[in-house]
Amino acid sequence: MAFDYDLFVIGGGSGGVRAARIASGEWGAKVGLAEESRMGGTCVIRGCVPKKLMVFASGFPGIFEEARAYGWEVGATRFDWTAFRTRLESELNRLEEAYRNTLKTAGVTIHDTRATLVDAHRVRLASGEEFSAKHILIATGGRPFVPDIPGAELAVTSNEMFHLESLPKRALVVGGGYIASEFACILNGMGVEVSQYYRGAQILRGFDDEARGHVANAMQASGVDIHCGTDLMRLEKTEGGIRAVATDGSEREFDLVMYATGRRPNVENLGLDGLGVEIGRKGQIVVDRFSQTAVPSIFAVGDVTGRINLTPVAIREGHAFADTVFGSKPTAFDHELVASAVFTQPELGSIGLSEEAAREQEPIEVYATAFRPMKTAFIGKPDRVMMKLIVSKATRKVLGCHIVAPEAGEMIQLAAIAIRMGATKEDFDRTCAVHPTMSEELVTMRKPVRTI
Ligand code: FAD
């Protein structure tokens, strides 16, 4: 049977774009791709990229303060949100265009519209047009989840944070994950009074406990008013703003309430009902290690599969899918030992097992240090940096590495190479330090602080 396309990709985000580009550009497949919003998806348009630029923008007050303490004369400073937002918008336009051009150069046909499945080999566009495809890739990503409380419509999500008309004076961030914590720091850095409510006992669940505590303390010290064990019951519009009524009995007024309480996979109204594609407990599309669903011609990658919701993971899954199906190179992305960073101030870089997870698994040694880094100790700032290695007693392999420090994201990327190669503690010890740096502590910790 002749198909219109060898591959039809639904979703032009990190996973979909990579899969389409490799299938067409590298392996010569005839590829169509539908994107209902803006090319580049969450990462480029409303995720990693604009967020990191906001992280940069929010870091300057600290830089000015340090510069003064180092002897620089710094004149009056003021943050112009509108100027920043205008530049941000043009940068996102540029990136969107770059993604579009990459796909065009690779020979992919772009449909700027919503697509849904008709059956195992057919898709329908919002225009009513239908196409057949030998393979269909679902790469529709996810969206923010806002719990159904009274007044929820008064809150915004991360999607809206990049388009605010003006910066609020008082903001409440609800949630304890990395997105909530990052935005709490961003707003705080931009001079907004920030409170963060999280219903759990400590923010950044899933990361190493000591690292979480270290980040939370530093955030609190820099002015973020964190309330753990606190959730919102309702929001009410007031004359001056939004009243937030919380489970701890408090009622406080804010100008902006941002919800960052998790994300849900985009599977609704996709035409999946009755097709045989399995949907998991969290609404995610269930796939095997080659990203194939229970229907052989339908694959799924990225956040919609809920494996590890990070851009580089979606990209690798998309690439592996294209190599497997169109390049005769069966490739399964290995989800073990994926490093990640939380761009709070200070940052948290992490790879492998937390101390808590590792000690459930096997006997371990814990190496850890916390110290005042040279740059800020010099000017009397109390900031502390934390480095931690979790080591298997049996194999001596480094099972986990957790860094809380400025630029921890950059550091963990490099530590990740060694740890993925199976480096032992003795390999770290044999590595000569680079001096004077913060990361040299990773290779100079000689005695375990705990053996468990
Ligand atoms: P997406 O990038 O979400 O792309 C899916 C695309 O499909 C969207 O463009 C959507 O419009 C389109 N679509 C959906 N349904 C249809 C349809 N029926 N028809 C046509 N098009 C459709 N990850 C990191 O690695 N580092 C970070 O620092 C980081 N920061 C983040 C910050 C925020 C605020 C958020 C929200 C996410 C962040 N992420 C980060 C996560 C990262 O953005 C996602 O993991 C990544 O974008 C997932 O890629 P994807 O291809 O699965 O989906």
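1. A nonpolar core is here a set of buried Ala, Val, Leu, Ile, Met, Phe, Trp, Tyr and Cys residues joined through side-chain atoms within 4.5 Å, where buried means under 20% relative accessible area, exposed over 50% and partly exposed in between, with a 1.4 Å probe and protein chains only. The model is predicted, so local features need pLDDT of at least 70 and side-chain atom pairs count only at pLDDT 80 or more, while totals for chains, interfaces and linings use all residues. Residues are numbered from 1 along each chain as its sequence is written, and side-chain values use heavy atoms, with hydrogens and water left out.

2. The largest nonpolar core has 43 residues, and Met54, Met161, Met219 and Leu348 have the most contacts inside it. Among the elements that each supply at least two of its residues are α3 (48–58), α5 (81–105) and α8 (209–221), but α7 gives the most, with 6 residues; helices (H or I, at least four residues) and strands (E, at least two) are DSSP runs numbered from the N terminus. A second, separate core of 23 residues includes Tyr5, Leu125, Leu270 and Ala300.

3. Met219, leaving aside neighbours within four places in sequence, is in contact (heavy atoms within 4.5 Å) with residues including Ala184, Cys185, Ile203 and Gln345. Gln345 is in turn joined to Pro346 by a cis peptide bond with omega of about 5°, and Pro346 is found in the loop between β17 (340–342) and β18 (347–352).

4. The axes of helix α1 (residues 14–26) and helix α9 (residues 311–326), as lines fitted to C-alpha atoms over the stretch in contact, come within 7 Å and cross at roughly 30°. The two helices α1 and α9 are therefore roughly parallel, a class that takes in angles under 35 degrees, on a scale from 0 to 180 degrees between N-to-C directions.

5. Two residues deserve a check of their backbone, because most residues other than glycine have a negative phi. Leu204, in the loop between β9 and α8, has a positive phi of about 60° and is buried, with a relative accessible area of 0%. Glu407, in the loop between β21 (398–405) and α12 (408–420), has a positive phi of about 65° and counts as partly exposed at 45% relative accessibility.

6. His111 lies in strand β3 (residues 109–111) and is buried, with a relative accessible area of 12%. Not counting residues up to four places away in sequence, His111 touches Tyr5, Phe8, Leu33, Ala34, Glu35, Leu125 and Phe131.

Conventions
Parallel < 35°, antiparallel > 145°, perpendicular 65-115°, else oblique.
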